[in-house]
Amino acid sequence: MLVRILFLLVTLAGELVVGGLIDTFITTRKDFSGLLVYFSMAAWLIGLEMQARDILRPPGGAADPPPAGLAAAGGAVHIRAMAAQLDHTTIHAIFSRFQAAEPEPKGELAHVNAYTLLVAVALSAQATDAGVNRATAALFRIADTPEKMLALGEEGLIAHIRTIGLYRNKAKNVIKLSRILVEQYGGAVPSSRAALQALPGVGRKTANVVLNMWWRLPAQAVDTHIFRLGNRSGIAPGRDVVAVERAIEDHVPAEFQLHAHHWMILHGRYVCKARKPACPACLIRDLCAYEEKTE
Ligand code: SF4
């Protein structure tokens, strides 16, 4: 680490020296023929500095995008460490171990039916499952259908969820999507990704969670934990959430597809953590391709 910090300091000092030379050239000489060389040196040093800053960024930490950003973007996000795609035998061994450790992994968002699951997932963007569960425990006792949610109204809903981030916007969306469910689907939750994603506040990740947890489809909802684990380990490397989703679909053997989402999210959340992965205690340590495992 010390060497890396020195490397960064040297590049910064070099930039200062070259900047001073350029300044001297411009202010004291009429002949500008040497300027191009100095500008090239400055560009080269700036490139080195950017590399040094990237190296010094904590593993999987600040570089990791937040869940809501991932869901909303669906596009390119910066990742520092992308391992090469693991082969079939290794991935089969990884998921065999996940399965042996937890044969029936469960999501942690409390719900009583498809509608409350949809609402809970929509509320969980940029919030913890535990925080959402605390808020929805009382809410779902009085509003477990879209009709009851509409009767409760936006202000009534806000009174229950004001401890959750972005609660005003989320309340608006829940009321709007409840109205659509009543008017277009007879109060039921649709079972296609396209219909789900057409609802206000429902992105691809939310739709995939509902398809996976309620409809038992092998849909892969990639959040920040799965994105990080997929890229570090080599289970599913990809530069954005859709690429990671595709890599899981393409490379995880069929018999593990249904539960892959929960195995990966729980492993990412509790073991392969953002700032300091618990590699010594990790059950796939010998199969994982991450080059900066913790000791
Ligand atoms: S060995 Fe470390 S980096 Fe690899 S999956 Fe386990 S916790 Fe994550």
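Analyst: Start with what counts as an element. A helix is a DSSP run of H or I with at least four residues, and a strand is a run of E with at least two. In this predicted model, the protein chain has 13 helices and zero strands.

User: What pattern does the protein chain follow along the sequence?

Analyst: It reads α-α-α-α-α-α-α-α-α-α-α-α-α.

User: Why is H7 called roughly antiparallel to H8?

Analyst: The axes of H7 (residues 146–161) and H8 (residues 167–185) cross at roughly 180 degrees. Angles over 145 count as roughly antiparallel, so H7 is roughly antiparallel to H8. The two axes come within 9 Å.

User: Which residues of H7 and H8 meet?

Analyst: Contact requires C-beta atoms within 7 Å. From H7, the residues include Leu-150, Leu-157 and Ile-161; from H8, they include Ala-171, Val-174 and Leu-181. The residues of this contact divide into twelve nonpolar, one polar and six charged.

User: Which residues come nearest to the ligand?

Analyst: Of the 14 residues around the ligand, Cys-272, Pro-277, Cys-279, Cys-282 and Cys-288 come nearest. Cys and Pro both count as nonpolar. The whole shell divides into ten nonpolar, one polar and three charged.

User: What makes a residue buried, and how many are?

Analyst: A residue is buried if 20 or more other C-beta atoms lie within 10 Å of its own. Buried residues make up 35% of the 295 residues in the protein chain.

User: What share of contacts joins residues at least 24 apart?

Analyst: Take contacts between residues at least 6 apart in sequence: 64% join residues at least 24 apart.

Technical notes:
Residues numbered from 1 in each chain as written. Predicted model: local features only at pLDDT ≥ 70, side-chain atom pairs only at ≥ 80, totals over all residues. Near = placed C-beta within 6 Å. Buried ≥ 20, exposed ≤ 12 C-beta atoms within 10 Å, placed from the backbone. Contact = placed C-beta atoms within 7 Å. Axes fitted to C-alpha atoms, helices over the stretch in contact; angles between N-to-C directions. Parallel < 35°, antiparallel > 145°, perpendicular 65-115°, else oblique.
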